[in-house]
Amino acid sequence: MPSTELSHSYDIAAPPAAVLAHLADPKNYIGLSPLLVDVRDVQHEDGVTHYVAVERFRFLGLIQHDNVIRVTLRIDDAGLPDEATVSGEVVSPGGVRMDYRFAVTARGADGSLVLDRLRLHAPFGLLRYAAGKAGAVQAERGRVLARRLGGGS
């Protein structure tokens with residue numbers, strides 16, 4: 001299956017522990033991704049969080065499609081206060097799969113650098129569309145996270 005990797009980094013005016021706490025809660029992803037409109041069925045087991053998320057797509061400004069995805073989320077906080085990671089997998093209908101990883105590293109006294117990496121796998125013909133949407137989500141996620149945690153605009 002064709003695949004591609006997307007990477008985006010951004011500075012957040014909050015320490016790694018605060019960034020990790022925000023990214024560890026599935027409900028916080030609503031609005032963090034402009035496509036995500038609902039999170040439900042959150043289950044925690046053996047240090048792993050599983051949940052269902054709903055992405056809302058609009059085509060031609062008229063047609064709405066709710067894409068129900070299954071998400072797995074893992075936290076690694078062993079390196080705090082200096083670093084932490086959030087990683088997991090997303091399974092979407094249509095054969096689209098994504099592995100994601102947020103590496104959060106201390107930067108300065110009270111800041112963090114977030115490296116947001118996505119590895120997309122999609123059937124031929126869907127990869128370009130999925131990568132375009134995922135790249136737009138990454139860029140917006142950095143802006144929203146900075147606004148939420150760092151008081152930025």
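In this predicted model, the buried residues of helix α2 are L127, A130, A131, A134, V137, Q138, R141, G142, V144 and L145. The cover over these buried positions includes strand β1 (3–12), helix α1 (16–24), strand β6 (96–107) and strand β7 (111–121). The helix itself runs through residues 127–150, and its 24 residues reach 33 Å from the first C-alpha to the last, close to the 34 Å expected at 1.5 Å a residue. An α-helix has 3.6 residues a turn, so residues three or four places apart point the same way. Such spacing can be followed in the list of buried positions in α2, which includes L127, A130, A134, V137, R141 and L145.

In soluble globular proteins, nonpolar side chains tend to be buried together. Here the largest nonpolar core has 34 residues, of which V19, L23, Y29, V86, Y100 and F102 touch the most other members. Helix α2 gives the most to this core, with 6 residues. L23 illustrates the packing: leaving aside its neighbours within four places in sequence, L23 is in contact with Y29, L32, L73, V86, F102 and L145. Of these partners, Y29, V86 and F102 are themselves listed with L23 among the core residues that touch the most other members, while L145 is one of the buried residues of α2.

**Overall fold and dimensions**

The chain has 2 helices and 7 strands, and, read along the sequence, these follow the pattern β-α-β-β-β-β-β-β-α. For 153 residues a compact globule would have a radius of gyration near 15 Å, and the chain agrees with that expectation because its own value is 15 Å. The C-alpha atoms fill a box of roughly 45 × 35 × 30 Å, taken along the principal axes. Of the 153 residues, 38% count as buried, and the chain exposes about 8200 Å², of which carbon and sulfur atoms supply 53%. Among contacts with a separation of 6 or more, 49% are accounted for by residues 24 or more positions apart.

S92 lies in strand β5 (residues 83–92), and S92 counts as buried because its relative accessibility is 10%, under the 20% cut-off. Not counting residues up to four places away in sequence, S92 touches N67, I69 and R97. With N67 there is also a polar contact of 2.9 Å between the two side chains.

**Backbone details**

Which two residues are joined by a cis peptide bond? The bond lies between L80 and P81, with omega about 15°, and P81 has its place in the loop between β4 (63–76) and β5. Two further residues have a positive phi although neither is a glycine, as the table sets out.

| Residue | Phi | Location |
|---|---|---|
| D41 | about 55° | strand β2 (residues 36–45) |
| D46 | about 50° | loop between β2 and β3 (48–59) |

D46 counts as exposed because its relative accessibility is 80%, over the 50% cut-off.

Definitions and conventions:
Residues are numbered from 1 along each chain as its sequence is written. This is a predicted model: local features need pLDDT of at least 70, side-chain atom pairs count only at pLDDT 80 or more; totals for chains, interfaces and linings use all residues. Side-chain values use heavy atoms; hydrogens and water are left out. Helices (H or I, at least four residues) and strands (E, at least two) are DSSP runs, numbered from the N terminus. Buried means under 20% relative accessible area, exposed over 50%, partly exposed in between (1.4 Å probe, protein chains only). A polar contact is a pair of N or O atoms within 3.5 Å; within protein, one must be able to donate a hydrogen and the other to accept it, and residues adjacent in sequence count only if both atoms are side-chain atoms. Contact means heavy atoms within 4.5 Å. The expected span of a helix is 1.5 Å times one less than its number of residues. A nonpolar core is a set of buried Ala, Val, Leu, Ile, Met, Phe, Trp, Tyr and Cys residues joined through side-chain atoms within 4.5 Å. The radius of gyration is taken over C-alpha atoms; the globule rule is 2.2 Å times the number of residues to the power 0.38. Accessible areas come from the Shrake-Rupley method with a 1.4 Å probe; for residues, only the protein chains shown count as cover.
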